[in-house]
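Dear colleague,

I am handing over the structure below, and after it you will find an account of what turned up when I went through it. Please read the two side by side.

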Amino acid sequence: QVQLVESGGGLVQAGGSLRLSCAASGRTFSSYGMGWFRQAPGKEREFVGGISRSGGPTSYADSVKGRFTISRDDAKNTLYLQMNSLRPEDTAVYYCTARLGTAVRRDLAYDFWGQGTQVTVSS
């Protein structure tokens, strides 16, 4: 099992940057595929990015490609999401997720979820 705690959210102006962190518990962090999802009010939960292994392939939603970067530091049991060139439409609660397997885009495939961190981008 793994517990996930997100941090780094906040209020930022359009065009600005934020880096989200996800601290994971457990001794098998490197065995989990990790991802970020987000959910805006009135909208379905949306895949943002995923990474299966440290330094391995990544996957991103089209809406964030070129602006967001997902990475992980297994020595620190931490997942990151670097968000640049933020837009108001990026406003959402961002969730860190984990599953025993490769990272995928389906939210239902993930076993563990953090509590979420609010990201608000002002125009």
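Arginine 72 counts as buried, at 6% relative accessibility, where buried means under 20% relative accessible area, exposed over 50% and partly exposed in between, with a 1.4 Å probe and protein chains only. Before going further, the conventions: this is a predicted model, in which local features need pLDDT of at least 70 and side-chain atom pairs count only at pLDDT 80 or more, while totals for chains, interfaces and linings use all residues. Residues are numbered from 1 along each chain as its sequence is written, and side-chain values use heavy atoms, with hydrogens and water left out.

Arginine 72 lies in strand E7, strands here being DSSP runs (E, at least two residues) numbered from the N terminus. Its side chain makes polar contacts, that is, pairs of N or O atoms within 3.5 Å, of which, within protein, one must be able to donate a hydrogen and the other to accept it, with residues adjacent in sequence counting only if both atoms are side-chain atoms. The side chain of arginine 72 reaches the backbone oxygen of phenylalanine 29 at 2.8 Å, and a polar atom of that arginine 72 side chain lies 3.4 Å from the backbone oxygen of isoleucine 51. The charged end of arginine 72 also sits over the ring of phenylalanine 29, 4.6 Å from the ring centre; the criterion is that NZ of Lys or CZ of Arg is within 6 Å of the ring centre and within 35 degrees of the ring normal.

**The sheet that contains E7**

Strand E7 belongs to an open sheet of four strands in the order E1-E3-E8-E7, with antiparallel pairing, two strands being taken as paired if DSSP finds at least two bridges between them. Strands E1 (4-7) and E7 (68-73) stand at the edges with a single partner strand each, so one side of each is left without a neighbour in the sheet. On average, and with direction ignored, neighbouring strands of this sheet are turned by 15 degrees against each other, as judged from axes that are lines fitted to C-alpha atoms. E7 and strand E8 (residues 78-83) run antiparallel and are joined by six bridges, and serine 71 has tyrosine 80 in E8 as its bridge partner.

The loop between E7 and E8 holds asparagine 77, whose phi is near 50 degrees, a positive value in a residue other than glycine. A phi near 50 degrees, again positive in a residue other than glycine, is found at serine 85, which is placed in the loop between E8 and E9 and is partly exposed with a relative accessible area of 40%. Glutamate 89 is found in the loop between E8 and E9 and counts as exposed at 55% relative accessibility; its C-alpha is 8.7 Å from that of alanine 40, although the two are 49 residues apart in sequence.

**The disulfide**

The structure holds one disulfide, defined as a pair of cysteine sulfur atoms within 2.5 Å. Cysteine 22 and cysteine 96 form this disulfide, with their sulfur atoms 2.0 Å apart, and the torsion about the S-S bond is about -75 degrees, so the disulfide is left-handed. The pair links distant parts of the chain, with cysteine 22 in strand E3 (residues 18-24) and cysteine 96 in strand E9, 74 residues apart, and both cysteines are buried.

**Aromatic pairs**

A search of the whole structure finds six aromatic pairs; rings of Phe, Tyr and Trp (its six-membered ring) pair if their centres lie within 6.5 Å, with planes under 30 degrees apart counted as stacked, over 60 as edge-to-face and the rest as tilted. One of them is the edge-to-face pair of phenylalanine 37 and tyrosine 110, 5.4 Å centre to centre with 75 degrees between the planes. Phenylalanine 37 lies in strand E4 (residues 33-39) and tyrosine 110 in the loop between strand E9 (92-99) and strand E10 (112-113), so the pair ties together parts that are 73 residues apart in sequence; both residues are buried.

Tyrosine 95 and tryptophan 113 also form an edge-to-face pair, at 6.2 Å centre to centre and 75 degrees between the planes. Tyrosine 95 is buried, with a relative accessible area of 19%, whereas tryptophan 113 counts as partly exposed at 27%. Ring pairs link Phe37, Phe47, Tyr95, Tyr110 and Trp113 into a cluster, and the charged end of arginine 45 sits over the ring of tryptophan 113, 4.2 Å from its centre.

How values were computed
Axes are lines fitted to C-alpha atoms, for helices over the stretch in contact, and angles run from 0 to 180 degrees between N-to-C directions.
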